[in-house]
Amino acid sequence: MKRTLRGILSYLAPYKALFVVGQIAMLVGTAAGLAFPWMVRNVFDVLFQPQRMNALLIAIGGLAAVSVAGEFANFIKNRALGHLGQKMIRDLRANIYERLLHLSLDYYDNQNSGDITSSMTNDMAMLQQGLSSGLTYILQQALSLMAVVALLFSMDAVLTLIVLATLPIILVISQKMGAKVKAIAKSTQERLGYLMNILNQSISGMSVIQAFVLENYARGLFRDENDRILDKSIANIKVTTTAGLLIGLLNALFLLVVIGIGALRVAGGYLTPADLIAFILYAEMVAGPVAALSGIYIEINKALAAYQRIVAILETPAEVVNRPTRALERVQGHVEFRDVTFSYDEEKPILKNISFSIAPGETVALVGPSGAGKSTLAKLLPRFYDPDGGAILLDGVDIRDLDVHFLRQQIAIVPQETYLFGMSIRDNIACGQPEASTEAIERAARLANADGFIRELDHGYGTEIGERGARLSGGQRQRLAIARAFLKDPRILILDEATSALDTHAERQIQSALDTLRHDRTTLIIAHRLSTIKNADKIVVLKDGGILAIGTHADLVETCPFYRDLYQKQFALHEVG
Ligand SMILES: Nc1ncnc2c1ncn2[C@@H]1O[C@H](COP(=O)(O)OP(=O)(O)OP(=O)(O)O)[C@@H](O)[C@H]1O
Ligand SMILES: [Mg+2]
């Protein structure tokens, strides 16, 4: 709790000035609010006395001044604290996004995007609401409560004690309701996360849903979750409205008691009628803050729960830490895997004692059955994951000692499946190099054999593509990925050859583009094509996460029966088909 508050306060720190202005305006507004009943009392006091026009005018003038001052003070307070709250939320959002950019891929392996989206939207909204009511009201209500109680005592102690006796009831009821609301809000939030997941997955997988005629199934999943949220939300409404009703009734009862007993006190001569009017107005200012404070209590509890979910993201440690201690002037491109072991979870080792090296400019092909760990091995080089044992060296330096961004700048990856962003073809090729010139982009596209098809598109390089590149064929997407790599012009290349067979023409275009790309670069290629393994300087045969053999194609066919088998089943066949 203390830590949570300190966390929230740290977001407030940069906006001290706004906070101070808001608090001062709040104090002025509170003082005006407190003075208001007293001014009303003065007006009536004059009325109950022999007519004195001047005194009446002064009293009404005072009332007007207090009212106007109070309104303006509230206006300033709301502006200042409103801005403050929004700025804090903006910073928090930025920090979350920053953390998401930092987190390693293992986080995303285990995370549903819906949970993150839901935190960014719903939790933020809740926090924002809690912040503004928290910042605005708590102090104000607490202050005016204390001042009012003091004033009431000075007017009529007996009546005040009766008023105060009802307060604990209101407080207890509000607290109970608050706890209930908090629990329901939490589970509603989780449910909303599930719903977002269903939605996100439906959008990404719509082609599968429609191809397999899964509409009914998907509809059912969505409807069940949607209905569950409705149940939770209705439960939430029930609790809050019941709380509202109870508090309203108590409030009415409270007023009745004050007026009834107050009338008796006036009749008994303990209180003037003007005092009673002021007393009633002040008494309302007791019940108001108590109810408001408990309402805020609910809001703040919701906000705290939201903040804790947000902090959970912010405090997730990144597995891959960037602590550079060495720098490379010029990268030659010598890559060495030295006794590398790796597992995604502690239990199941994926890579075992992997040792091999790639000389600068050399091409090494990785072959092995599906699930052998080829892609995993390739992911270690750009440090998407760090090995559990052993080390990977670039030009003799452990890659963990290099700046991770520098390291990744040296590597281009052409993955099995190309992810395209929902922007123009040009921007997709430039991919993070906004300074890339049009000539450079088009040159990269030409080298990737992509220029031709791009020019045939409606808007050429300016053609916008859907998020998932839906408007492009598989081969076209791959050539864009290759163009990205050409533009990046790195020392090291990682290719995960697509397993999906393309027609011979497309295949040949991609093949020749890749051959040009590989030229003079250190290349680690996960091979699915015969031509690739035949052209490789060295082939590493992976089986069950271990290296079975290393050699050229000719060597391995001679010496490694497993390779010969694999070659006959996987590669020779693929080439025929
Ligand atoms: N993110 C992950 N979390 C946990 N386990 C994983 C993850 N990715 C892959 N694995 C597991 O690691 C093993 C190796 O997977 P990998 O993708 O490296 O195989 P591969 O050799 O590239 O196979 P393929 O030829 O089919 O692409 C598999 O058993 C797979 O289930
Ligand atoms: Mg793979």
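This is a predicted model: local features need pLDDT of at least 70, side-chain atom pairs count only at pLDDT 80 or more; totals for chains, interfaces and linings use all residues.

A: The residues around ligand 1 include K374, S375 and T376. Also around the ligand are G368, S370, G371, A372 and G373, along with D109, Y344 and I350. Sorted by class, this shell has six polar, three nonpolar and two charged residues.

In soluble globular proteins, nonpolar side chains tend to be buried together. Here the largest nonpolar core holds 69 residues, and those touching the most other members are A365, L366, I429, I482 and A483. Helix α15, residues 474-488, gives the most to this core, with seven residues. Leaving out residues up to four places away in sequence, A365 touches I525, A527, T532, I533, A536 and I539. There is also a second, separate core of 48 residues, with Y11, V163, I170 and M177 among them.

One last stop is the loop between α14 (451-456) and α15, where G462 is found. G462 counts as exposed because it has 12 other C-beta atoms within 10 Å, and 12 or fewer is the cut-off for that label. Beyond its neighbours within four places in sequence, G462 is in contact with S424 and R426. The C-alpha atoms of G462 and I425 are separated by 6.0 Å, with the two residues 37 apart along the chain.

Key:
Residues are numbered from 1 along each chain as its sequence is written. Chains are lettered from A and ligands numbered from 1 in the order in which they are written. A residue is near a molecule or strand if its C-beta atom, placed from the backbone, lies within 6 Å of it. Ala, Val, Leu, Ile, Met, Phe, Trp, Tyr, Cys and Pro count as nonpolar, Asp, Glu, Lys and Arg as charged, and the others, Gly among them, as polar. A nonpolar core is a set of buried Ala, Val, Leu, Ile, Met, Phe, Trp, Tyr and Cys residues joined through C-beta atoms within 7 Å. A residue is buried if 20 or more other C-beta atoms lie within 10 Å of its own, exposed if 12 or fewer, and partly exposed in between; C-beta atoms are placed from the backbone. Helices (H or I, at least four residues) and strands (E, at least two) are DSSP runs, numbered from the N terminus. Two residues are in contact if their C-beta atoms, placed from the backbone, lie within 7 Å.
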